[in-house]
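Subject: Structure handover

Hi,

Here is the structure we talked about. My notes follow below it.

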2 protein chains.
Amino acid sequence: MKIYSSFDAPSLRRSVENGTLEQRKAVLDILEEVRNSGDEALYFFTNKFDGVSLSTLKVTDKEIAEAYERVDNTLIGIMREAAQNIQEYHEKQQKTSWMMTRPDGTILGQKVTPLDSVGVYVPGGTAAYPSSVLMTVVPAVVAGVERIVMVSPPQKDGALNASVLVAAKEAGVTEIYKVGGAQAIAALAYGTKSIKPVDKIVGPGNIYVALAKREVFGIVDIDMIAGPSEIVVLADETANAHEVAADLLSQAEHDPRSSCCLVTASQSLAEAVQKEVELQLQTLPRKEIARASIDEYGAIYVTENLEEAIKVVNELAPEHLEIIVEKAQESLAKIKHAGAIFVGRYSSEPVGDYFAGTNHVLPTNGTARFSSPLNLDDYQKKSSVILYSDAAFKENASKIAAFARSEGLEAHARAIESRFKEEM
Amino acid sequence: MKIYSSFDAPSLRRSVENGTLEQRKAVLDILEEVRNSGDEALYFFTNKFDGVSLSTLKVTDKEIAEAYERVDNTLIGIMREAAQNIQEYHEKQQKTSWMMTRPDGTILGQKVTPLDSVGVYVPGGTAAYPSSVLMTVVPAVVAGVERIVMVSPPQKDGALNASVLVAAKEAGVTEIYKVGGAQAIAALAYGTKSIKPVDKIVGPGNIYVALAKREVFGIVDIDMIAGPSEIVVLADETANAHEVAADLLSQAEHDPRSSCCLVTASQSLAEAVQKEVELQLQTLPRKEIARASIDEYGAIYVTENLEEAIKVVNELAPEHLEIIVEKAQESLAKIKHAGAIFVGRYSSEPVGDYFAGTNHVLPTNGTARFSSPLNLDDYQKKSSVILYSDAAFKENASKIAAFARSEGLEAHARAIESRFKEEM
């Protein structure tokens, strides 16, 4: 891991995943095919891409029961506790409908309602993450979404990962289908005979899934286009180099394009962490991935002082930020852009990935500048409510009509004036 | 306007604006050109598309002062009052950072912060809408956004519309540039020498603007891809046919692709409104537009009863909904999907377009199923905050490590266990 003494160091921001022209065309073809041929296309693409010939897409209760047999009971207990924590944290985000009244009798407000249905994409293959199922599904249940549809590509044996099925059941998924890739996104957006369409699609996937989500955005809502994971540790000499290095590596092991950074004013911590990273890398099962990530997207920034370090952090706008400095609260106050902020030695990043209750679906690639962690707002929407009083109407009708006319919208003005006919 | 006796009538939902392949390619070229050549490309495209050769993009204080000279003082007063109402309504939406504590000493919360910067797109040409400037800018100011950049294509004389400039100043825009189209979106997303990039782009535009926004989504945030305006009136025999017809026409005049619907259980109201629409159409300045909209996307649904009418409304998920029935509150309670709900005779839709204080940037084309009116959340984001206590850590460390290991993420488990070394 290289040490840089200034932030002129190579930028860590990666370009947005827009795919190659070929990938985009492939996705457009798949979407079109599913739109036209429905289930038939789903079976075809599942055969083609996942190498499985299925006779039905829906996961049965029997399959779920069998999954429970295959998953360790201790793990099921941990999942339940994690789900409970996630539920508790997301319940605090509950919004209520509200109103304001004006002296003239007018009532204005917002009516908050859950989405009717949500589709949750869960990647397949080697990377089966039941924790992500909890993170995307539990908030939907808390928000009051009635129909929660999970899709995931089948393994070679035609089944889904057992832990993923258990997590889905524990979290409250209402329908599960064995289909992945762009074809799954198409099914969720357009609907097929087997799979009714949903209102929003959440959850990460590969480049084809990401491109398909971008393409159907507008027909349905989507959460975000997630990039590789990132961590930034803001630390001073009170931090333990061994622990900081371990936390950096926890993100580096995700993906060769993951990014990890230490930002510190302490040269001695910088050097100690640099050594520790090398040491701990040696024995990691996923060391090739972590190595690639560190080499390409890892960095240690040594700044003049803490103030400057905080500026660098806000510039990076990281997905995960750990603050391990003496007066952590003062630094927390100055952080403007970060997906999740872990404060203090015991707030190691995996605590949030798995258990604390906060969401681990977070804005990546600097998008914490303008995006939030997955949260209850993602599963609810608001309607404006206007009960305009007759007094307010009489007082303001001529102003409204004049404003409309100034924009050349005569029918708007006349709509207002139509009420004058009898009354005013 | 045709009367249908069942909802098997032709669906009113229009397809999502994805543009033609040619339009998409043109947009990609413009984005690339601005990304590479910056201001030079902006001047080039402004010359090409707007027919004006500019020497500078930024609007000066002098130009704004001149705009005030050209706008009627009464109108300025109305704008100020409207801005005040918008401010009041959006202030009620203010979110605060919050926290929860657990008995083990853990603190979890959400930190709410405004975006640093926002770009507001304002269409040019014949359709200059100062009201839209108020609707997109005032909430940004309320949210605490420091840098609010407005872009709009120049008229043939090289100036911007005077009312738009006055509205911008009144609302609190901090920078204004004379540039429109996809090139303006590129400038806001990538930045040029004259225009620093922003974090989010809001506001409606033509198909090129919409495609460009979709393309830069991820580099910056965007509000939504807005479609043509829509209104649905839910009414019974207590409604006044003259007024209902006038309200329907107020949306029909926007665009040949606008949509307006009456949903009612009253055959007599249906017929009366049908006649009134024809009558009022004759004298409308924009009657060609309104005629096209009514013929193509207008409909009167006569349902069995109110219950069924409400089902149709939820199916349509309209941008604007008026409820003019005897027991309006009971109907309001049953509405699940609508952008803005106008209740009662005096809540004529233009009241919300111009003056009441609610936002007129609303989800169109059925997207009220999953989207909200433009609101304060669009200008703020949240960070999760985790202060995990040492007690919680000791209690749960082994569970977290086990969960991580079950997903094959050994470095995550080790990050947790690195804290054991000295303490546990």
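First, a word on annotations: UniProt positions are given in the numbering used here, feature names are shortened, and annotations may be inferred rather than shown by experiment. This is a predicted model, where local features need pLDDT of at least 70, side-chain atom pairs count only at pLDDT 80 or more, and totals for chains, interfaces and linings use all residues. Residues are numbered from 1 along each chain as written, chains are lettered from A and ligands numbered from 1 in the order written, and side-chain values use heavy atoms, without hydrogens and water.

**The wider site**

An unreviewed UniProt entry gives "binding site" for A:Ser229, A:Gln251, A:His254, A:His320, A:Asp353, A:Glu407 and A:His412. These span 184 residues of sequence and are also spread in space, up to 55.8 Å between C-alpha atoms.

A:His412 sits in helix α16 (residues 410-417) of chain A; helices here are DSSP runs of H or I, at least four residues, and strands are runs of E, at least two, numbered from the N terminus. A:His412 is buried, at 0% relative accessible area. Buried means under 20%, exposed over 50%, partly exposed in between (1.4 Å probe, protein chains only). Beyond four places in sequence, A:His412 contacts (heavy atoms within 4.5 Å) A:Ala404 and several chain B residues, including B:Gln251, B:His254 and B:Asp353.

A:His254 lies in the loop between α9 (241-252) and β10 (259-264) of chain A. A:His254 is partly exposed, at 24%. Its contacts, again beyond four places in sequence, include A:Ser229, A:Arg286, B:Leu409 and B:His412.

**The clustered site**

The unreviewed entry also lists A:Tyr121, A:Gln183 and A:Asn206 under "binding site". They are spread over 86 residues of sequence but cluster in space, with a largest C-alpha distance of 12.5 Å.

A:Gln183 belongs to helix α7 (residues 181-190) of chain A. A:Gln183 is buried, with 2% relative accessible area. Outside four places in sequence, its contacts include A:Ile30, A:Phe45 and A:Asp50.

A:Asn206 is in the loop between β7 (200-202) and α8 (207-216) of chain A. Is A:Asn206 buried or partly exposed? A:Asn206 is partly exposed, at 46% relative accessible area.

**Chain A overall**

Chain A has 17 helices and 14 strands. Of its 424 residues, 63% count as buried. Its C-alpha atoms fill a box of roughly 85 × 60 × 45 Å along the principal axes. Among contacts between residues at least 6 apart in sequence, 75% join residues at least 24 apart.

Best wishes
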